[in-house]
Amino acid sequence: MATTLKDAVARKPVLATIRLIVPAGAARPAPPVGPALGFYRLNLMAFCKDFNARTQKYKAETPMQVTLTAYKDSTFEFVVKSPSVSWFLKKAAGIETASGRPGHTVVSSLSLRHVYEIAKLKQSDPYCKHMSVEALCKSIIGTANSMGIEIVKDL
């Protein structure tokens, strides 16, 4: 992908890239959001309003991964990703924590239908759009195995 001179001039200088995990619809200018954005002199309320508007379709307290790019002119852009696969697996299995000894002790079991549903949700992520559902399912099964969750054909 060739960049033209016009694109290079239009690109703003990046000050920092900030990664946060914020509960859906619950961004407030308090920790962890406030100190992280305040350090770079970014508009906290603008971020909170925009983030809460983007994540209102999710259940409250769902941990959303946010990658925020801060520019030197005190503006910012951010990308909201869906929750982690391990969070989805824990919710589907109804457990609080994963196994302390994965491979030795099975904490819970899930069906392939659960795995498929998680894969469909994760496919909406900007970084997973290029992956097939089959590849996502294989990745999710690997994560489940490392958490001590057994995947069976039918429950």
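Biologist: Which strand is K81 found in?
Modeller: K81 sits in strand 3, which covers residues 76–81; strands here are DSSP runs of type E with at least two residues, helices are runs of H or I with at least four, and both are numbered from the N terminus. This is a predicted model, in which local features need pLDDT of at least 70 and side-chain atom pairs count only at pLDDT 80 or more, while totals for chains, interfaces and linings use all residues. Residues are numbered from 1 along each chain as its sequence is written, and side-chain values use heavy atoms, with hydrogens and water left out.

Biologist: Is K81 buried or exposed?
Modeller: K81 counts as buried because its relative accessibility is 12%, where buried means under 20% relative accessible area, exposed means over 50%, and partly exposed lies in between, using a 1.4 Å probe and protein chains only.

Biologist: What is K81 in contact with?
Modeller: If its neighbours within four places in sequence are left aside, K81 is in contact with M64, Q65 and T67, and also with D125, P126 and Y127; contact means heavy atoms within 4.5 Å.

Biologist: Switching to the helices, at what angle do helix 4 and helix 6 pack?
Modeller: Helix 4 (residues 85–93) and helix 6 (residues 133–147) pack at about 65°, and their axes are 10 Å apart. The axes are lines fitted to C-alpha atoms, for helices over the stretch in contact, and the angles run from 0 to 180 degrees between N-to-C directions. The two helices are therefore roughly perpendicular to each other, a label that covers 65 to 115 degrees, whereas angles under 35 count as roughly parallel, over 145 as roughly antiparallel, and the rest as oblique.

Biologist: And which residues of helix 4 and helix 6 make the contact?
Modeller: Helix 4 contributes V85, S86, L89 and K90, and helix 6 contributes I140, T143, A144 and M147. By class, this contact has five nonpolar, two polar and one charged residues, with Ala, Val, Leu, Ile, Met, Phe, Trp, Tyr, Cys and Pro counted as nonpolar, Asp, Glu, Lys and Arg as charged, and the others, Gly among them, as polar.

Biologist: How does helix 4 pack with helix 5?
Modeller: Helix 4 and helix 5 (residues 112–122) pack at an angle of about 145°, with their axes 11 Å apart. On the helix 4 side V85, F88, L89 and A92 take part, and they meet H114, I118, L121 and K122 of helix 5. The residues of that contact divide into six nonpolar, one polar and one charged.

Biologist: What about the axes of helix 5 and helix 6, how do they cross?
Modeller: Those axes come within 9 Å and cross at roughly 120°. L112, V115, Y116, I118, A119, K120 and K122 of helix 5 make the contact with V133, L136, C137, I140 and I141 of helix 6, and the residues divide into ten nonpolar, no polar and two charged.

Biologist: New topic, which loop does R41 lie in?
Modeller: R41 is in the loop between helix 2 (33–38) and helix 3 (44–54), and with a relative accessible area of 66% R41 is exposed. Its phi is positive, at about 55°, although R41 is not a glycine. Most residues other than glycine have a negative phi. S74 also has a positive phi, of about 65°, without being a glycine; S74 lies in the loop between strand 2 (63–71) and strand 3 and is partly exposed at 36%.

Biologist: Where is A70, and which residues does it touch?
Modeller: A70 is in strand 2 and is buried, with a relative accessible area of 0%.

Biologist: How far apart are the C-alpha atoms of K12 and K72?
Modeller: They are separated by 7.5 Å, although K12 and K72 are 60 residues apart along the chain. K12 belongs to the loop between helix 1 (5–10) and strand 1 (14–23), is partly exposed at 35%, and touches Y71, D73 and T75, leaving out residues up to four places away in sequence.

Biologist: Last one, where does UniProt place the uL11 C-terminal domain?
Modeller: The unreviewed UniProt entry puts "Large ribosomal subunit protein uL11 C-terminal" at residues 81–151; UniProt positions are given in the numbering used here, feature names are shortened, and annotations may be inferred rather than shown by experiment. Over residues 81–151 the chain is 49% helix and 11% strand, with the end C-alpha atoms 25 Å apart.
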